[in-house]
Each structure stands twice: as structure tokens, then as C-alpha cells.
Amino acid sequence: MSSISSVRNIISKRCLYNHSTQQWRFYPHQFTNTKIPKRSPSSLSHSFSTFTPKSKVGFIEWYLGKLNSRPILTKTITTSLIFAAADFTAQMLSSSSSFDLIRTTRMAAYGLVLLGPSQHIWFNLMSKAFPKRDVFSTLKKTFMGQALYGPANASVFFSYNAALQGESGDEIAARLKRDVLPTLRNGLMYWPICDFFTYKFVPVHLQPLVNSTCSFFWTIYLTYMASLQKVGTTSIL
């Protein structure tokens with residue numbers, strides 16, 4: 001009986017039983033003096049997270065990863081989509097029954113080519129010029145935005161749209177004279193609050209996103225202003 005039990009012990013240690021083929025398979029070197037390594041809970045969780053399906057990764061994590069790997073491209077595409085959505089909304093709110101796809105494409109191209117890259121440069125410049133987040137530094141950033149970036153952006157925006165609509169140099173100048181100053185004046189009731197919040201509480205790499213989100217509502221107003229009829233050249237004389 002002892003010999004039979006010893007054989008069984010050898011089989012149990014060195015063989016595995018395949019239930020599908022109903023056969024024992026012999027492994028001469030496997031399972032001999034083999035110890036299962038102990039794993040800490042943290043290493044087990046790390047291994048589990050390694051095999052977590054990519055579908056579990058949320059959109060926010062994916063977007064933040066793109067901001068780190070390709071910041072300029074991600075910011076410009078985001079701005080372009082927001083501007084296109086804002087123009088689409090503005091057209092839906094207007095009394096016009098026909099949708100102007102060229103106009104929306106023009107707005108998307110402005111966000112992609114001009115505003116997106118300029119936002120990236122501006123917010124990084126402000127963070128280097130005024131690295132602190134105290135109230136005084138935040139107010140200085142807000143003032144610089146209203147005094148420099150805002151007027152420059154509004155002027156480029158109206159000139160860009162007017163030029164693509166075929167207006168001449170004199171007509172563009174007349175449009176700037178008519179539209180830029182009222183736009184900036186109305187912006188004083190909106191943008192300082194948005195800018196102060198952005199500079200004070202939002203990390204630098206997310207500031208263009210927050211700024212573009214604020215721009216969604218403002219762009220509805222801007223696209224309305226940009227769609228106004230051109231000004232006669234006699235009005236600037």
C-alpha cells in the first residue's frame with residue numbers, strides 16, 4: 001500500500017490530468033521545488049490595471065493625455081470644434097431658414113489656424129510673465145488680456161471674415177471702425193470675469209480649453225456681428 005501511495009504522490013506532483021482527452025500528461029521538471037512568488041496587493045492591482053481594457057479609460061483621461069502628448073494640435077482642434085458649434089448655434093437661433101455651411105467652415109478654420117495657436121502662445125506667455133496665482137497677478141493677467149489680446153483678436157477676427165467674404169481694404173477698415181469698439185465694450189461685461197476665473201483657478205494647459213468654452217457663448221455674438229452687412233466706404237470718410 002505504501003508503494004501505491006508513493007506512486008500517487010509522484011503522479012500528483014509531476015502530472016496533470018486532461019479532462020478533455022481523459023489522459024495524464026507527465027512533466028518531469030515542472031512543479032518540482034517550485035514556489036509561487038508572493039505578490040503584494042499593490043503589485044496585484046498594478047498588474048490588473050495593466051490588463052484593463054482601453055474602453056475603461058474615460059474621455060477626460062484620453063483628452064488630458066492628448067494635451068500632454070500633442071498640446072498645440074489638441075488645443076487647435078478643440079477651439080475649431082467649439083467655434084463651429086457656436087456658429088451652428090447662432091445660425092439656428094437666427095431668423096434665416098437656410099444653413100450656411102461655408103460660414104460655419106470659415107469659423108472652424110479660424111479657430112483651427114488662428115485662435116487655437118494664439119491661445120496656446122498667449123496663456124503660456126502669461127504664465128511665464130506672471131507665474132504667481134495671487135489676486136494681484138491674476139488681475140494683471142486679466143488686464144493684459146483686455147488691453148492687448150482681446151483687441152488684437154477681435155481685429156483679426158473681423159478682418160479675416162470680411163476678407164473671406166470678398167470685402168475690399170476700405171470696406172474692412174469701415175467694418176473695423178463700426179464693429180470692433182462696440183464688441184470690446186460689450187466684452188467688458190463678460191470677459192474679465194471669465195479671464196479672472198481662468199487665470200486664478202485653472203492649470204495653464206487647460207486654460208485654452210476653458211477660454212474656448214467661454215468663447216462658445218461669446219462666439220455666437222461674434223458670428224452674428226461678423227455676418228452683418230458690409231459698411232459702405234463712404235462711412236469712413
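Predicted model: local features only at pLDDT ≥ 70, side-chain atom pairs only at ≥ 80, totals over all residues.

Biologist: How many helices and strands does the protein have?

Modeller: Helices (H or I, at least four residues) and strands (E, at least two) are DSSP runs, numbered from the N terminus. Here there are nine helices and two strands, and their order along the sequence is α-β-β-α-α-α-α-α-α-α-α.

Biologist: What share of the residues counts as buried?

Modeller: A residue is buried under 20% relative accessible area, exposed over 50%, and partly exposed in between (1.4 Å probe, protein chains only). Of the 237 residues in this protein, 31% count as buried.

Biologist: How is the packing of two helices described, and at what angle do H8 and H9 cross?

Modeller: Axes are lines fitted to C-alpha atoms, for helices over the stretch in contact, and angles run from 0 to 180 degrees between N-to-C directions. Angles under 35 degrees count as roughly parallel, over 145 as roughly antiparallel, 65 to 115 as roughly perpendicular, and the rest as oblique. The axes of helix H8 (residues 191-201) and H9 come within 10 Å and cross at roughly 160°, which means that H8 is roughly antiparallel to H9.

Biologist: Which term describes H5 and H9, oblique or roughly antiparallel?

Modeller: The axes of H5 and helix H9 (residues 207-226) come within 12 Å and cross at roughly 140°; H5 and H9 are therefore oblique to each other. As to handedness, a crossing is left-handed if the near helix is turned anticlockwise from the far one by less than a right angle, and right-handed if clockwise. H5 passes H9 in a right-handed crossing, and the crossing of H8 and H9 is right-handed.

Biologist: How many salt bridges does a search of the whole structure find?

Modeller: A salt bridge is a side-chain nitrogen of Lys or Arg within 4 Å of a carboxyl oxygen of Asp or Glu. The search finds four. One of them joins Arg175 and Glu167, at 2.8 Å from N to O. Arg175 is buried at 1% relative accessibility, and Glu167 is buried at 10%.

Biologist: With which residues does Asp179 form salt bridges?

Modeller: Asp179 pairs with Arg175, the closest N and O atoms being 3.5 Å apart. Because Asp179 and Arg175 are four residues apart in helix H7 (residues 169-187), about one helical turn separates them. Asp179 also forms a salt bridge with Arg178, with the closest N and O atoms 2.7 Å apart. Asp179 is buried, with a relative accessible area of 2%, whereas Arg178 is partly exposed at 32%. Salt bridges that share partners join Glu167, Arg175, Arg178 and Asp179 into one network.

Biologist: Which residues make the nonpolar surface patch?

Modeller: Patches are made of residues with over 30% relative accessible area and no salt bridge; like charges are joined within 9 Å, and nonpolar side chains (Val, Leu, Ile, Met, Phe, Trp, Tyr) within 5 Å. Accessible areas come from the Shrake-Rupley method with a 1.4 Å probe, and for residues only the protein chains shown count as cover. In this model, Leu73, Ile77, Leu81, Leu112, Val113, Leu114 and Val156 make a nonpolar patch of about 590 Å². Helix H4 (71-93) and helix H5 (101-129) are the elements that give two or more residues to the patch. Leu81 lies in helix H4 and is exposed, with a relative accessible area of 58%.

Notes
Residues numbered from 1 in each chain as written. Heavy atoms only, no water.
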